[in-house]
Amino acid sequence: MLRQLADLMTPMAEQSGVRLRFDAAEAGALILVTDEVMLTRILRNLVANGLKFTDEGEVRLTTRRTPDHLEFAVADTGVGIPPGEQERVFEEFYQVPGGRPGGTGLGLTYSRRLAHALGGDLSLESEVGAGTTVTLRLPAYRSLAELGLTHVLVADAHDAGRGVLRDVLGDVAERVSEAGDPQTVRDLAAAADPPELILLGSGVSPADAVGGPDGPPPGTAVVLIAPSDAAVSDETRPERVDAVLDQAQLAPVMLADAVARARARRTARTP
């Protein structure tokens with residue numbers, strides 16, 4: 001992705017006489033589960049902004065991993081932004097007074113919204129005359145083994161379906177329970193030791209299994225494994241479902257991402 005971005009933006013850099021550098025030494029060892037198109041749009045906007053406001057020197061994109069985030073930092077040696085304007089540049093149509101003409105004033109606004117849609121954030125640091133650094137932070141990927149799963153309930157109307165879910169989980173959970181129908185899901189969720197995670201496979205209705213006021217405890221995350229032709233997504237998920245994973249993408253890497261999203265949503269919604 002970064003190589004493609006470099007190929008796309010290098011002609012713009014050459015035209016402006018500014019060096020464009022990609023410091024991606026860590027990228028080969030990183031795993032990121034995200035929307036590649038949206039991520040590319042953010043980075044393209046940030047690099048283009050850096051080139052636009054830099055007369056000499058360089059624009060550098062650096063990737064790095066922190067304990068909680070994967071970061072993409074775009075630093076330029078351009079004109080910089082006064083302290084009082086640094087948050088306002090994220091407002092729609094706002095342009096720094098006396099700045100470079102042209103543009104719509106929407107680039108950073110749009111980029112921050114996309115960053116939020118990807119579960120991350122966008123921040124800016126700048127010094128007048130010394131340049132600007134805009135940093136995109138996305139949640140760090142954690143494998144199933146790193147998620148510390150304790151009690152997981154796999155629910156599917158078919159023995160084979162439950163077996164598939166068990167195989168994808170492997171031995172990362174301390175305990176795995178099974179349910180073949182909605183009532184069993186409700187019974188296990190209401191037990192003294194309810195599951196912290198419910199995986200709903202085929203043939204188990206989310207409405208019947210986890211819907212209504214007598215659904216799972218507030219702290220239990222629910223991931224729906226949806227058939228590819230069901231047109232279900234995180235945006236259209238049933239009530240009380242915290243994340244949706246396309247059945248065609250059911251693999252440890254993608255399941256770990258779905259579980260992380262479900263947990264984040266459950267944490268945000270639980271007092």
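1. How many of the residues of β6 are buried? In β6, 5 of the 5 residues are buried, and the strand is mostly covered; buried means under 20% relative accessible area, exposed over 50% and partly exposed in between, with a 1.4 Å probe and protein chains only. H151, L153 and A155 are buried on one side of β6, and V152 and V154 are buried on the other. In a regular strand the side chains alternate between the two faces of the sheet.

2. A word on the basis of these notes. This is a predicted model, in which local features need pLDDT of at least 70 and side-chain atom pairs count only at pLDDT 80 or more, while totals for chains, interfaces and linings use all residues. Residues are numbered from 1 along each chain as its sequence is written, and side-chain values use heavy atoms, with hydrogens and water left out. Helices (H or I, at least four residues) and strands (E, at least two) are DSSP runs numbered from the N terminus.

3. On confidence: pLDDT is the predictor's confidence in each residue, from 0 to 100. The chain has a mean pLDDT of 88, with 92% of its residues at 70 or more. Please treat one stretch with care: over residues 101–105 pLDDT stays under 50, and the model has 12 contacts beyond four places in sequence for them, where contact means heavy atoms within 4.5 Å.

4. Now to the sheet that holds β6. Its 5 strands form an open sheet in the order β7-β6-β8-β9-β10, with parallel pairing; two strands pair if DSSP finds at least two bridges between them. At the edges are β7 (175–179) and β10 (243–246), each pairing on one side only. Direction ignored, neighbouring strands are turned by 20° against each other on average.

5. The partners of β6 can be followed residue by residue. Strand β6 (residues 151–155) pairs with β7 in the parallel sense over 5 bridges, including V152 with V176 and A155 with A179. With β8 the pairing of β6 is also parallel, over 4 bridges, and there V152 stands opposite L197.

6. Two helices pack on this sheet. Helix α4 (residues 159–169) touches β6, β7, β8 and β9 (221–226), and its direction makes about 150° with that of β6. Helix α7 (residues 252–269) touches β8, β9 and β10, at about 140° to the direction of β9. Here axes are lines fitted to C-alpha atoms, for helices over the stretch in contact, and angles run from 0 to 180 degrees between N-to-C directions. β6, α4 and β7 make a right-handed β-α-β unit: with the strands pointing away from the viewer, the path from the first strand over the helix to the second runs clockwise.

7. The other sheet to look at is mixed. Its 5 strands form an open sheet in the order β1-β2-β3-β5-β4. β1 (19–23) and β4 each have a single partner strand, so one side of each is left without a neighbour in the sheet. Neighbouring strands here are turned by 15° on average, direction ignored. β3 and β5 run antiparallel and are joined by 7 bridges, with A75 opposite T133. Helix α3 packs on this sheet through β4 and β5, its direction making about 140° with that of β4.

8. Which residues have the most contacts inside the largest nonpolar core? They are I42, L43, L61, F72, L122 and L136, in a core of 31 residues; such a core is a set of buried Ala, Val, Leu, Ile, Met, Phe, Trp, Tyr and Cys residues joined through side-chain atoms within 4.5 Å. Elements giving two or more residues include α1 (2–16), β2 (58–65) and β3 (69–76), and α2 gives the largest share, 8 residues. Apart from this core lies another, of 23 residues, among them Y141, L149, A243 and A258. I42 touches S111, L114, A115, L118, L122 and L136, leaving aside residues up to four places away in sequence.

9. Finally, have a look at P139 in strand β5. P139 is partly exposed, with a relative accessible area of 41%. Beyond four places in sequence, P139 touches residues including L32, D68, H69 and L118. The C-alpha atoms of P139 and E71 are separated by 8.8 Å, and the two are 68 residues apart along the chain.
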